[in-house]
Amino acid sequence: LAGDFDGVRAALDLPSTDDAGRSALLAAAGGGFESFEPRLGAFLDLPPEQTRAILELAATAPEQWADAPAPGVWTQPIDAGPRHREAGAFLLSVAPGAEIPRHCHRGAEWGFVLGGQLADDGGDFKSAGDIVHNSPGSVHRVWNPGTCPAIAVNVVYDGYDWQP
């Protein structure tokens, strides 16, 4: 549903693909993050019970999570399944207007946006239900251009180098 939001929006005659419209449609489709459980489980290579626990954690206040690498940005390490044993996985929350500073990816990064919007200076724009991919060596900064928190699950190989 979220992957084809524009088609659903047109069919339901919703006025735009803004945060409020997307959030209302996702809520009508099953509420919160629960509608993403099967896709997130496949993405992380996890069984349903572990996936549900991650989605429950994603719904908590991010200020309770483990790390705040930048103002308005919080992360919480999570476990991914065997397919990602060489990677680090974490929940990411970015407050409206907050920014993740410029960084270079040492290895590949894959992300699954659960809510809100994320943009980068390479022109990429992602919303709930979208998959993010950054290749090794890619450099960018990321921010939340929306009016609600952006929540994502990221799987990162080999980490980042922060750029000036």
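Colleague: Let's start with a pairing: which residue in β11 stands opposite histidine 105?

Modeller: Happy to, and keep in mind that this is a predicted model. Strand β4 (residues 99-105) pairs with strand β11 (residues 160-162) in the antiparallel sense, over 3 bridges. In β11, the residue opposite histidine 105 is tyrosine 160.

Colleague: And which residue in β9 is the bridge partner of glutamate 99?

Modeller: Strand β4 also pairs with strand β9 (residues 139-143), in the antiparallel sense and over 4 bridges. For glutamate 99, the bridge partner in β9 is tryptophan 143.

Colleague: Staying with β4, is histidine 103 buried or exposed?

Modeller: Histidine 103 lies in strand β4. Its contacts beyond four places in sequence include Val139, His140 and Val142, along with Tyr160, Asp161 and Trp162. The relative accessibility of histidine 103 is 4% and the cut-off for buried is under 20%, so this residue counts as buried.

Colleague: How far apart in space are histidine 103 and serine 138, C-alpha to C-alpha?

Modeller: In sequence, the two residues are 35 residues apart. Ser138 is also among the residues that histidine 103 touches. From C-alpha to C-alpha, the distance between histidine 103 and serine 138 is 8.2 Å.

Colleague: Now to the open sheet: what is the order of its 6 strands?

Modeller: The pairing in this open sheet is antiparallel, and its order is β1-β2-β3-β10-β5-β8. At the edges are β1 (67-70) and β8 (131-134), each pairing on one side only. Neighbouring strands are turned against each other, direction ignored, by an average of 30°.

Colleague: At the β1 end, which residue in β2 is the bridge partner of alanine 70?

Modeller: Strand β1 pairs with strand β2 (residues 73-78) in the antiparallel sense, over 2 bridges. The partner of alanine 70 in β2 is valine 73.

Colleague: Which residue of β10 stands opposite glycine 88, and which is the bridge partner of glutamate 109?

Modeller: Strand β3 (residues 88-94) is joined to β10 by 7 bridges, and the two run antiparallel. Strand β5 (residues 109-115) also runs antiparallel to β10, with 6 bridges joining them. Glycine 88 stands opposite valine 156, and the partner of glutamate 109 is likewise valine 156.

Colleague: Why is strand β10 largely enclosed by the rest of the structure, and how many of its residues are buried?

Modeller: In a regular strand, side chains alternate between the two faces of the sheet. Ala150, Ala152, Asn154 and Val156 point one way from β10, while Ile151, Val153 and Val155 point the other way, and all are buried. Strand β10 is largely enclosed because its buried residues number 7 of the 7.

Colleague: What is the relative accessibility of serine 93?

Modeller: Serine 93 lies in strand β3. Leaving aside neighbours within four places in sequence, its contacts include Trp65, Val73, Trp74, Ala150 and Ile151. Serine 93 counts as buried, with a relative accessibility of 1%.

Colleague: Finally, at about what angle to β5 does helix α3 run?

Modeller: Helix α3 (residues 37-44) lies across β2, β5, β8 and β10. Relative to β5, helix α3 runs at about 165°.

Conventions. Residues numbered from 1 in each chain as written. Predicted model: local features only at pLDDT ≥ 70, side-chain atom pairs only at ≥ 80, totals over all residues. Heavy atoms only, no water. Buried < 20%, exposed > 50% of the residue type's maximum accessible area, 1.4 Å probe, protein only. Pairing = 2+ DSSP bridges. Contact = heavy atoms within 4.5 Å. Axes fitted to C-alpha atoms, helices over the stretch in contact; angles between N-to-C directions.
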